[in-house]
Amino acid sequence: MLFQTTEFLLFFFALIAVLVFARTNKTRKIVFLVFSCFFYMWWNPIFILLILFTVSFDYWISLQIFKSDSTQKKRNWLLLSIIINLSVLAWFKYANFLQDNIISIASFFDKKPNWTTFNIILPVGISFYTFEAISYNIDVYRKDLEPPKSLLDFITFVTFFPKLVAGPIVRPAEFLPQMKEVPKINFNSTAIFLILNGLVKKIVIADNLGIFVDAIYQNAHNYPSILIVIAAVAFSFQIYCDFSGYTDIAIGIASILGYQFNTNFNKPYFAISPSDFWKRWHISLSSWLRDYLYKPLGGNKKGSFFTYRNLMITMLLGGLWHGASWNFMIWGFLHGFIQIIYRLFNIDLILEKNKLMKFISFVLFQIFVIFTWIVFRITNLTQLKFICKKVIFFDFNFSIASIGLGKLQFFSTIGIMITFLIVHIISYKIGGLHKYISARHYTIQIAFLFIAILLLQIFWPTHEAPFIYFQF
């Protein structure tokens, strides 16, 4: 079920109507659980059984960890939890990838595997709820969190529909304590304008830019370098508006329902360095990788070599988290490599003292980010190689005549990109557009509400485009 559909609107108001009559905390948790399961089952009913199984298993494991009387027993239970969770994730997300690579290698040696190939369906949101479950048991092991007294609390937390299928990755230690009190429904202006902000990002910007990006990348051989570069920039705006738009909506909905999520994006295209970028982009994932992978590997505590190793492992696995494809591994490697370069030459320290170097780093790093988004977007390695060559070895063909792409579509795309940049800069300067509007007089709020609805009405695409991160 997509947030931008009529079905979801009916679903949400049905939930509110039921919650009005659910007075106790336990009753409201049951309502959230039932509606969240229905929300997830709208896509594919059978996979709700997978979530219920893994959640129940992880809750049972957490109880064993908590009551074990020795560190070794606790460690063994935790290891079992991690193995089971990652095995389930690996089967659904990476089995097809492994099979395809084995077949490719066998074909290279003129061999043909005699097994029947399988085509596994990837459950929506499995990467997100698996990481939440792993962090839960690690927190219990570290004594940072006690298991809730009821399975209902934990299963409601994991399945809570606003963040279930595309995040943000919510820490159990941040959410479970909120469930001790009866959540209060609050249609506050900040949440409402955050939701509108997310819808405009997704529908007006991301979905419309996506039409142009798809047209270019599907037939890249037909277009000059300039259009491929513009498509690369357009995709960088598209993926940001699509994913941050989703989390804006999710955070806003959760706030209305009485729960608070942390910010997941903080203007990443103003980052001046790799470390700055990963403090701003998909914060819930980057902080998860830092706390549950990078630091347990040793972080930067064991010398330069191990620091560089840990950075590269973290970024490679961060790339692999996004999908079973070599392009994600390359994307992760490139971001790991640039982090090592900045650390090797102490560039972050230099940037603190030199404004000119800070500006130069900002420009060069953002060019790097846009280039790596090409790697992220193109899963076919042959096509990726061609597109990268077109970008690196620029052909200086600036003509848009007779290229098979409508001029109206081209100029409308440029217009959307320029508008996004202007609004993005303004939002950065004022500390968030939705916060600014919600703090103004109600007449100004009504004016912005009217503008947002008008934009959605005019630019709503004819097709429903799922959020990009649904596939991860």
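**Ser255 and the chain around it**

Modeller: Ser255 is in contact (heavy atoms within 4.5 Å) with Asn186, Asn188, Ala191 and Gln260, leaving aside neighbours within four places in sequence. Keep in mind that this is a predicted model, where local features need pLDDT of at least 70, side-chain atom pairs count only at pLDDT 80 or more, and totals for chains, interfaces and linings use all residues. Residues are numbered from 1 along each chain as its sequence is written, and side-chain values use heavy atoms, with hydrogens and water left out.

Colleague: Is Ser255 buried or exposed?

Modeller: Ser255 counts as buried because its relative accessibility is 13%; buried means under 20% relative accessible area, with a 1.4 Å probe and protein chains only.

Colleague: And which helix is Ser255 in?

Modeller: Ser255 sits in helix α10. Helices here are DSSP runs of H or I, at least four residues, numbered from the N terminus.

Colleague: OK, new topic. How many helices and strands are in the chain?

Modeller: The chain has 20 helices and zero strands.

Colleague: Which residues touch the most other members in the largest nonpolar core?

Modeller: Tyr217, Leu257, Trp281, Trp373 and Tyr469, out of 141 residues in that core. Helix α10 (residues 225–256) gives the most to this core, with 20 residues. A nonpolar core is a set of buried Ala, Val, Leu, Ile, Met, Phe, Trp, Tyr and Cys residues joined through side-chain atoms within 4.5 Å.

Colleague: What does Trp281 touch?

Modeller: Not counting residues up to four places away in sequence, its partners include Ile239, Tyr240, Phe265, Trp373 and Tyr469.

Terms used: Buried < 20%, exposed > 50% of the residue type's maximum accessible area, 1.4 Å probe, protein only. Helix = DSSP H or I, 4+ residues; strand = E, 2+ residues; numbered from the N terminus.
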